[in-house]
Amino acid sequence: MLILCTNDDGYLAAGLGVLAEAARGVGEVRVVAPDREQSATSHSLTMHFPLRARQMQEHLHHVDGTPTDCVALAVGAILDGRPDFVLSGINHGQNMGEDVLYSGTVAGAMEATILGIPAVAFSYTGRDPEQIAAHGPLVRRLISQIVEHRSDFPAETLLNVNLPAVPPHEVRGVQVTRLARRVYTDSLTRAKDPSGREYFWIGGGGTEWNAPEGTDFWAVDHGYVSITPLHLDLTNYRLLTEVERWDLAP
Ligand code: MN
């Protein structure tokens with residue numbers, strides 16, 4: 001069993017170390033990860049610059065690109081075999097609701113899914129990355145249980161796992177969930193630099209969750225590990241006939 005680990009926080013991130021260590025109990029692990037912070041790069045692919053991979057130690061490479069680049073290079077060039085599983089994370093911070101669309105962590109798993117390799121994204125919803133290490137044994141159990149399902153792992157689907165921000169002994173179990181809705185407020189800051197020129201800063205501000213029971217946010221908020229199956233087909237099937245009825249013509 002060959003397992004590729006990647007992330008979007010960079011190859012030195014604590015969460016990646018915990019993930020790789022947990023996966024080592026399950027299979028042979030290779031790490032190919034960005035050489036720097038690539039959070040919120042979503043599924044971007046570097047097409048207008050050359051990419052370089054550098055081996056830092058045995059079975060650990062970093063790439064000067066995005067998580068998507070890392071998975072593409074790992075599978076296409078760096079690894080000596082095709083991975084049986086791709087794990088991405090453990091992200092320093094939650095990836096729930098609409099955040100899965102911005103997340104580089106989820107995108108790393110998504111790229112593997114596109115390549116036909118079963119993949120799981122992991123995120124820790126707490127604010128202190130130092131706490132992630134305590135969840136290592138729990139993550140290892142989850143990985144080994146999920147890997148057992150590799151033969152019936154659904155195509156075009158990845159699993160998005162969020163760990164609750166509680167000590168491992170307080171985790172109440174696992175809930176399989178759907179995405180909640182996240183509404184950002186005041187996330188755009190407008191200010192002036194010392195020379196008086198206006199600049200903008202995206203991020204910060206407040207967040208409101210629309211998160212009833214059964215959603216990812218509800219689960220972690222109540223001490224559960226949340227696992228959301230995500231698929232790549234964004235088609236809104238319910239609206240196919242509705243939009244057809246618009247009778248559009250060129
Ligand atoms: Mn990140």
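Q: What is a salt bridge?
A: A salt bridge is a side-chain nitrogen of Lys or Arg within 4 Å of a carboxyl oxygen of Asp or Glu. The model examined here is a predicted one.

Q: What makes the pair R182 and D99 a salt bridge?
A: Their side chains meet at 2.2 Å, N to O. The cut-off is 4 Å, so the pair qualifies. R182 lies in strand β9 (residues 181-185) and D99 in helix α3 (residues 99-102). The pair therefore ties together parts that are 83 residues apart in sequence. Both R182 and D99 are buried.

Q: How many salt bridges does a search of the whole structure find?
A: The search finds seven. The R182 and D99 pair is one of the salt bridges. Two others follow.

Q: How do you know that E21 and R24 form a salt bridge, and where do they lie?
A: The N to O distance is 2.9 Å, and the limit is 4 Å, so the pair counts. Both residues lie in helix α1, three residues apart, about one turn of the helix. An α-helix has 3.6 residues a turn, so residues three or four places apart point the same way.

Q: Which residue forms a salt bridge with R190, and are the partners exposed or partly exposed?
A: The partner is E198, with the closest N and O atoms 2.9 Å apart. R190 has a relative accessible area of 58%, which is over 50%, so R190 is exposed. E198 stands at 43%, so E198 is partly exposed.

Q: What makes D8, D9, S39 and N91 donors of the manganese ion?
A: Their donor atoms are OD of D8, OD of D9, OG of S39 and OD1 of N91. They lie 2.1 to 2.2 Å from the ion. The cut-off for this metal is 2.8 Å, so these atoms count as donors. In sequence the spacing is D-D-x29-S-x51-N. D9 sits in the loop between β1 (2-6) and α1 (14-24), while N91 sits in strand β5 (residues 85-92), 82 residues apart.

Q: Are D9 and N91 buried or exposed?
A: Buried means under 20% relative accessible area. D9 has 14% and N91 has 6%. Both values fall under the limit, so D9 and N91 are buried.

Q: How do you know whether S88 is buried or exposed?
A: S88 has a relative accessible area of 0%, under the 20% limit, so S88 is buried. S88 lies in strand β5. Leaving aside neighbours within four places in sequence, its contacts include T6, N7, L19, T105 and F122.

Q: What makes the approach of S88 to T105 a polar contact?
A: The S88 side chain reaches the backbone oxygen of T105 at 2.7 Å. The limit is 3.5 Å, so the distance passes.

Q: Which residues of α1 are buried, and what covers them?
A: The buried residues are G15, L16, V18, L19, A20, A22 and A23. Their cover includes β1, β2 (28-34), β5, β6 (119-124) and α5 (136-147).

Methods
Residues are numbered from 1 along each chain as its sequence is written. This is a predicted model: local features need pLDDT of at least 70, side-chain atom pairs count only at pLDDT 80 or more; totals for chains, interfaces and linings use all residues. Side-chain values use heavy atoms; hydrogens and water are left out. Donors are N, O and S atoms within 2.8 Å of the metal (3.2 Å for Na, K and Ca); water is not among the atoms, so sites may look incomplete. Helices (H or I, at least four residues) and strands (E, at least two) are DSSP runs, numbered from the N terminus. Buried means under 20% relative accessible area, exposed over 50%, partly exposed in between (1.4 Å probe, protein chains only). Contact means heavy atoms within 4.5 Å. A polar contact is a pair of N or O atoms within 3.5 Å; within protein, one must be able to donate a hydrogen and the other to accept it, and residues adjacent in sequence count only if both atoms are side-chain atoms.
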